Amino acid sequence: TTKRKNILITGGAGFIGSHVVQLFVQKYPDYNIINLDCLTYAGNLENLIEVENSPNYFFERVNILDERNLVEVFQKHQITDVIHLAAESHVDRSITDPLAFVKTNVIGTVNLLNTAKAFWEDYSEHLFYHVSTDEVYGSLDHGGFFLESTPYDPQSPYSASKASSDHFVRAYANTYKLKTVITNCSNNYGPNQFPEKLIPLCIHNIKNNKPLPVYGKGENIRDWLYVVDHARGIDVVFHQGRSGETYNIGGFNEWKNIDIVRLLCKKMDEKLGREKGSSEKLITFVKDRAGHDLRYAIDATKIKNELGWEPSLQFEEGISKTIDWYLENEDWLKNVTSGNYQKYYEEHY
Ligand code: NAD
Ligand code: TDX
């Protein structure tokens, strides 16, 4: 049996957060799960229909920049632990609007740390879990992996803001003795991902016969993990991770962008009954992303050896499931791309 906890999960209406909320609500009926999210363009309560009526699930529409509301939520729900995922998450947006990333990712995280620090009494009984990214380590050439000990070298405004938030979490652990843990994960894919990111964007565009924008020559390499495996990793680290530690999460699954786009084309031709090779004609090479990191690759040996976590899904299987999900959830895609759901929230929350 598990000890009662009231866990605040921030960013729970987003892509990864929604999978973490679903896993915790369903797996731990003794925990109360409080999803705190301000519902930016990336937050969508439709991601939570499977748990929204569960007695141990609660939703609070609050911005992490709003200190007063944060304190209220901590008091109202007697928060015992935090799993922090709320963030601005898209690198391209960080290039056009860096300050939005400083606000939510840096100041928002510090607000949350301050609230936890003031509200909790015996720090040994509470955990502040910060969810971060492999991008804080910078860009790799061909060869080598990111280890937990790799020095930080963020290259984009997004990764600089995430790196900064990681530093603040460690500083609070060191200075105030808050119990913290950080995980740095590689690129996620799967259901509920907003179609501004490479994989859902391509699925959406292939379906609608629209161009597939490949930045530069498509030679950049990312290390991909199915989102549910990330959520499982978060569960394992939350319960068994050593406080003060960092764990890298990844699937040893490196792909060149162009190869991913081709794989998506091939699978979608099959699934949509299109002539072989027809979707590949949509591939369009466009101007490269400014400061585009060449390669990310996570060494996930520590979490495997210490905590026994491993990915459960092979990439082709995960991609196939992901495509099926987007094809079966046309309304979800239509809603998030039309902005209708934003209007809905203005009226209901
Ligand atoms: P997402 O953009 O899909 O979701 C972010 C969520 O946070 C949204 O629901 C949004 O409404 C909410 N949010 C944003 N600003 C907020 C604010 N000021 N107050 C309250 N809520 C706010 O992001 P994601 O891809 O699910 O990423 C979640 C976390 O995981 C982020 O911290 C990200 O840095 C990290 N991460 C993402 C990936 C990835 O591949 N997507 C990989 C590693 C780490
Ligand atoms: O249209 C596109 N064309 C393209 O070639 C888009 C949107 C992307 N790309 C390239 C850029 C990257 O090399 O594909 C790769 C993946 O791009 P994104 O999906 O934007 O992800 P990335 O920039 O790698 O960052 C992601 O992984 C780490 C998440 O968005 C971050 O939140 C996470 O921390």
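Helices here are DSSP runs of H or I with at least four residues, strands are DSSP runs of E with at least two, and both are numbered from the N terminus. With that settled, here is the model.

It is predicted, so local features need pLDDT of at least 70, side-chain atom pairs count only at pLDDT 80 or more, and totals for chains, interfaces and linings use all residues. Residues are numbered from 1 along each chain as its sequence is written, with chains lettered from A and ligands numbered from 1 in the order in which they are written.

Overall form comes first. The chain has 12 helices and 12 strands. Its C-alpha atoms fill a box of roughly 65 × 45 × 40 Å along the principal axes. For 349 residues, a compact globule would have a radius of gyration near 20 Å, and the chain agrees, at 20 Å. That radius is taken over C-alpha atoms, and the globule rule is 2.2 Å times the number of residues to the power 0.38.

Next, the record. An unreviewed UniProt entry lists residues 8–322 as "domain: NAD(P)-binding". Such annotations may be inferred rather than shown by experiment; positions follow the numbering used here, and feature names are shortened. The span is 40% helix and 17% strand, and its end C-alpha atoms lie 28 Å apart.

Now the sheet. It is open, has 7 strands, and runs β3-β2-β1-β4-β5-β6-β10 with parallel pairing. Pairing takes at least two DSSP bridges between two strands. At the edges sit β3 (57–60) and β10 (246–249), each pairing on one side only. Inside, β4 (residues 81–84) pairs with β5 over 4 bridges, in the parallel sense. There, Ile-83 stands opposite Tyr-129 in β5.

On to the ligands. Which residues come nearest to ligand 1? Gly-11, Gly-14, Ala-42, Gly-43 and Ala-87, out of 30 around it. Near means a C-beta atom, placed from the backbone, within 6 Å. α1 (15–27), α4 (98–119), β5 (127–133) and β7 (187–189) each supply at least two residues of that shell.

Ligand 2 has 16 residues around it, with Ser-89, Thr-133, Lys-197, Leu-198 and Tyr-215 coming nearest. Both α6 (198–207) and β8 (212–215) supply at least two residues of this shell. The largest share, 3 residues, comes from β8.
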